[in-house]
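Dear colleague,

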Amino acid sequence: MHGETYDAVWSAPPDRPSSLRGKGAWTTGNAIVRVRSDGAIGYGLADGAKKWAFQAPGAQVVCAMSESADRAVGLLAYGREGAACEDVAAVDLGTGKGLWTSRVVQTTRTRQPDARGAIAATGDVAVLPAGKGLRGLDLRTGKARWAWNPPKGCAFVQGLNNLTASDKAIALTLWCGSDKYGAAVVDPGTGASRWATRLPTSAKVETAAVVSADPVVVHTKEGGERGTDQIVTFTPEGRQRAAFPTSTGNGDLEVTRTGFGGKPVSALQVQKDVIVSAVKGNREYSFERDIVGLTLEGRELWRVELGGGVNGLFTTSETVAVLNSRTLGDASQLTVLSINTGETIQQATLTMAAPENGLLLAASSYYLIVQDGEESDSAPVTVFHR
C-alpha cells in the first residue's frame with residue numbers, strides 16, 4: 001500500500017563541470033531557481049526550460065544565500081574560494097538580472113555544513129551584517145533603510161547559524177563575552193529592537209542557532225560529554241517559553257543536516273505552534289526514522305514511523321511532506337501528513353532514488369527534489385506532479 005506512482009515531469013541535466021556544487025534553491029511564480037557554486041539558474045516549473053542564468057563574477061564562489069526570496073528577489077553572497085564571503089548581489093528571479101551589489105566587511109565564511117546564512121530577505125528589506133550589528137537595505141534598489149546595533153557588550157557573530165527572518169521578525173543570536181550568548185528580535189521594517197535576552201547556557205557553547213523567527217525557536221549546544229543540547233522557545237514578548245532537551249528516551253531530534261552549505265536548511269522546522277522533526281535512535285535499525293510533531297513546550301503531539309530515513313522534509317501551515325527511500329528498487333516514498341494530527345493525507349511512490357542530501361520543495365502543483373551535486377551523474381532538479 002504505497003499510493004499512486006508518479007514519473008518525473010522533467011529533470012535538469014547534471015552540472016558541468018562536475019566540480020560544481022548545489023548551494024540551495026528558491027521557488028517563485030512559475031520558476032524553480034537552483035543556486036550553485038558559480039551562480040544561479042532559473043528553470044520553468046512546467047517544462048524545465050532554462051529561463052536565465054546569473055553568473056558570479058570571475059572565479060568567485062557562491063558561499064551563502066538568503067533562506068527565502070521575497071518579492072521574487074534573492075540574495076547571493078560570494079567570494080574567492082578560501083577567502084572571505086563578502087560580496088552580496090540581489091538577483092531578480094523573474095529575469096536573472098542583478099539589481100545591485102554591496103560589500104560586507106568582516107563577513108565570516110559560512111562553510112560549516114550545517115550553517116545558516118548571514119544574509120536574509122524579508123518583505124522589501126535585505127538584511128546584511130554590519131560590524132557588530134545589522135543593516136537593512138531596500139531589497140530592489142539596495143538603498144540604506146536602517147541600521148541596528150546590539151546591546152552593549154554583545155555582537156552578532158556572522159555566519160554561525162544565527163540569523164533568520166520572516167515577514168514579521170528578524171531573529172538572531174548574539175555573543176556577549178565568555179560563554180554568554182543571547183537572542184534578539186529586530187523589526188524588519190524599521191530596524192528597531194523588539195527584545196534581547198540571555199540564552200540559558202552555562203558552559204562553552206558550540207552552537208547557538210536560530211531555527212525560526214516567528215515564533216522564535218533557538219537551538220543551543222554546549223561542548224563536552226555533559227554539555228546541554230536543547231531547544232529554547234520564546235513568547236512574542238521575548239520571555240522564555242520552554243527549554244527542552246533534543247535527546248530523550250524517545251529518541252534524538254535531528255536538528256541540523258549536511259549539504260547545501262549556501263542555503264539555510266534545518267532538519268527541524270517550525271510552523272505556527274508546531275515543531276516538526278525527524279527522530280533517530282529509538283528503532284531497531286539505525287537508518288530508520290520517526291517524524292514527530294511537538295508543541296513549543298516540547299510535548300509530543302503525534303509520531304509517525306517511517307520505513308527508512310528522511311531524505312527531504314517540507315512543511316506548510318497545514319501539512320508535512322516527507323521524502324524517504326524505499327527498500328526495493330530505484331524509487332522513493334513521498335508521504336504527506338497533517339501537521340496538526342500526523343494523520344496521513346497522501347502517499348505516493350516517486351520513480352527516482354531518494355538522494356542522500358535532498359532538498360524537498362513544493363510550488364504550484366509540483367513537488368521538486370533538488371540535489372547538492374555530490375553525485376556527478378545525478379539530475380540537480382527533478383520535478384513531479386503533486
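In the hairpin of β28 and β29, which residue takes a positive phi, and how many residues stand between the strands? The residue is G298, whose phi is near 95 degrees, and the hairpin has four residues between its two strands.

Before going further, please note that this is a predicted model, in which local features need pLDDT of at least 70 and side-chain atom pairs count only at pLDDT 80 or more, while totals for chains, interfaces and linings use all residues. Residues are numbered from 1 along each chain as its sequence is written, and side-chain values use heavy atoms, with hydrogens and water left out.

For pLDDT, which is the predictor's confidence in each residue on a scale from 0 to 100, the mean over the protein chain is 90, and 94% of its residues reach 70 or more. Over residues 107–116, however, pLDDT stays under 50, and the model has 45 contacts (heavy atoms within 4.5 Å) for this stretch beyond four places in sequence.

Six of the six residues of β28 (residues 290–295) are buried, so the strand is largely enclosed by the rest of the structure; buried means under 20% relative accessible area, exposed means over 50%, and partly exposed lies in between, with a 1.4 Å probe and protein chains only. In a regular strand the side chains alternate between the two faces of the sheet. In β28, D290, V292 and L294 point one way, whereas I291, G293 and T295 point the other way.

Two strands count as paired if DSSP finds at least two bridges between them. β28 pairs with β27 (residues 274–280) in the antiparallel sense over six bridges, and I291 is the bridge partner of A278. Five bridges join β28 to β29 (residues 300–305), again in an antiparallel arrangement, and here G293 stands opposite W302.

Elsewhere, T220 lies in strand β21 and is buried, with a relative accessible area of 1%. Not counting residues up to four places away in sequence, T220 touches L199, T201, T207, T228, D229, Q230 and V232.

Some backbone details in the loops also deserve a look. The peptide bond from R16 to P17 is cis, with omega near 0 degrees, and P17 is in the loop between β2 and β3. Another cis peptide bond joins D214 and P215, with omega about 5 degrees, and P215 lies in the loop between β20 and β21. A72, although not a glycine, has a positive phi of about 60 degrees; A72 sits in the loop between β7 and β8 and is partly exposed, with a relative accessible area of 25%. S364 is likewise not a glycine and has a positive phi of about 50 degrees; its place is in the loop between β34 and β35, where S364 is exposed, with a relative accessible area of 55%.

With best wishes
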